[in-house]
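Biologist: Before I rely on the words used for this protein, I would like each of them set against its definition. Could you show me the model and take me through them?

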Amino acid sequence: MVNKAVVEAAKPNPEGTVFISYRRDDGKEYANEIGALLRAVGLRVWRDIYNMPAGSTPEALEKVLGGETSGGVLIVTEDICESDMIINLEAPMLCSLAKDSSFPLAVANAVPKPGGSEKEVDYDAPDKLLRTDAETLSKSNQFNILKQRGVTDLVTRLLHARLLYVQEKMQKQIRDTIIVDIQSRTPATALEGPEADLQIRINPDDSNSGKPSKQGLDDLKIALPLIKNALENLPRDKTLRITGGMHLTPALAVGAAFPCTTPRNFEVLDNRNELWRSERHIDVPADAINAEERKPHGKIEGAKNRIAVMVSMTNTPDYEIFERMADEDEQGFDKKLIISSMYKNIDPRWAATLSERIVEEIRAAAANRPEIHLAFHGPVALAILVGRLLNTYKVIAYERLETASGHFTYRPTLKIDVGAVAPIEEVFDSPDLGDDRSKRPAR
């Protein structure tokens, strides 16, 4: 039975997690999808299979819902009426929390409408199945998750609620910096504290966090335009600061989502707590980089309108695997361009000028707007800043991945259109990408 005193005492915590309520037997795949996308847009998520604390289940849920939750997703499936825990505890507490206008509750409806058209849902089903008071949930924010658009709209709703709170918090703190922390190696099982305004988490491979997963990159493809559009609602005079650590292809894509044409100060804080700014700080020495064009291996039969580019700002350049990547490509390239550093250590104060010079070398070699096949090896912060400057180009970004035989190779991973509303056009199913083992619903 519902403990009315516990329900009425529950209070939203705007710095808390988004609670996902679902029945495991028929709602787990929807919870996997929604949870991964909420994490990919920067929201912290609570799920029973990952985050259930020790102790009695009802008591643990009462604690989480009573004061540790910023928003809720109630996934309604056809057999949800079989779950006493949802009917008697989770749904009543979420509905009570939603009486506070600061608490967004999204009802994710997956119940087909009897006699309806394909993928049409029954908007009366949540109240019937959960035995709530008349029209309690039918008047809530319901989303048809039988369709991908419904999932996207649900995630957008919760993201905008979060950024509304962020904007209010920044005004109270008289703060001019929006902090977005991004990680592509943090598993879904991790429960983190509120360290940034948005905490973007891209699911890595289930067994090897050093390898990005195909599903995680697909989530980022959906998430980036949602994040980009949501952040545009914040004042343009605020600086956008990226923190965290990620693989290099998503770093290029993140930069592409916030191109230099966007009128906003932009900076990256690296893991050594040093800032890489989009505004010029100090000039780069004339000999800081070297650019070398090379002819492709073998006979060239007609123009390919493709060039292979390696940017190596590191002490351990992967020239050999880049050459192999370019020479073994079935379509071939018109030319190869290698941009390397003449210095062992890159000064973060060079960031703006160095990224400009790198992109100038690429543009000089790609005057006819060919498709750029880019293997970047260097600081993540610099990859983000380079990604911002490649607007008007289509870029195939290559990730350095370990093969099953234990060797490293460059694999095409993302097709990026810098400055586009949706900067990731395609995620390639490269054989050496990981698997997050999170099954999603088939549509």
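Modeller: What follows takes up a strand, a sheet, the cores and a pocket in turn. This is a predicted model, in which local features need pLDDT of at least 70 and side-chain atom pairs count only at pLDDT 80 or more, while totals for chains, interfaces and linings use all residues. Residues are numbered from 1 along each chain as its sequence is written, and side-chain values use heavy atoms, with hydrogens and water left out.

Biologist: What makes strand E12 (residues 306-312) largely enclosed?

Modeller: A residue is buried under 20% relative accessible area, exposed over 50% and partly exposed in between, with a 1.4 Å probe and protein chains only. Seven of the seven residues of E12 are buried, so the strand is largely enclosed by the rest of the structure. Both faces are covered, with Arg-306, Ala-308, Met-310 and Ser-312 on one side and Ile-307, Val-309 and Val-311 on the other.

Biologist: How do you know that E12 and strand E14 (residues 371-377) pair?

Modeller: Pairing requires that DSSP finds at least two bridges between two strands, strands being DSSP runs (E, at least two residues) and helices likewise (H or I, at least four), numbered from the N terminus. E12 and E14 are joined in the parallel sense over seven bridges, so they meet the definition. Val-311 stands opposite Phe-376 in E14. Six bridges also join E12 to strand E13 (residues 335-341), again parallel, and there Ser-312 has Ser-340 as its bridge partner.

Biologist: Why do strands E7 and E10 count as edges of their sheet?

Modeller: The open sheet of five strands has the order E7-E6-E8-E9-E10, with mixed pairing. E7 (198-201) and E10 (275-277) each have a single partner strand, so one side of each is left without a neighbour in the sheet.

Biologist: What makes a group of residues a nonpolar core?

Modeller: The term covers buried Ala, Val, Leu, Ile, Met, Phe, Trp, Tyr and Cys residues joined through side-chain atoms within 4.5 Å. The largest such core has 97 residues, and Leu-38, Val-73 and Leu-154 are among those with the most contacts inside it. A second, separate core of 26 residues includes Val-7, Phe-19, Val-76 and Val-107.

Biologist: Which helix gives the most to the lining of the largest pocket?

Modeller: Helix H5 does, with six residues. A pocket is an open set of points on a 1 Å grid over the protein atoms alone, with protein on both sides within 12 Å along at least five of seven lines, and lining residues have an atom within 4 Å of a point. Of the 27 residues that line the largest pocket, those closest to its centre include Pro-92, Cys-95 and Asp-133.

Notes: On a 1 Å grid over the protein atoms alone, a cavity is a set of points where a 1.4 Å probe fits but cannot get out, and a pocket is an open set with protein on both sides within 12 Å along at least five of seven lines; lining residues have an atom within 4 Å of a point.
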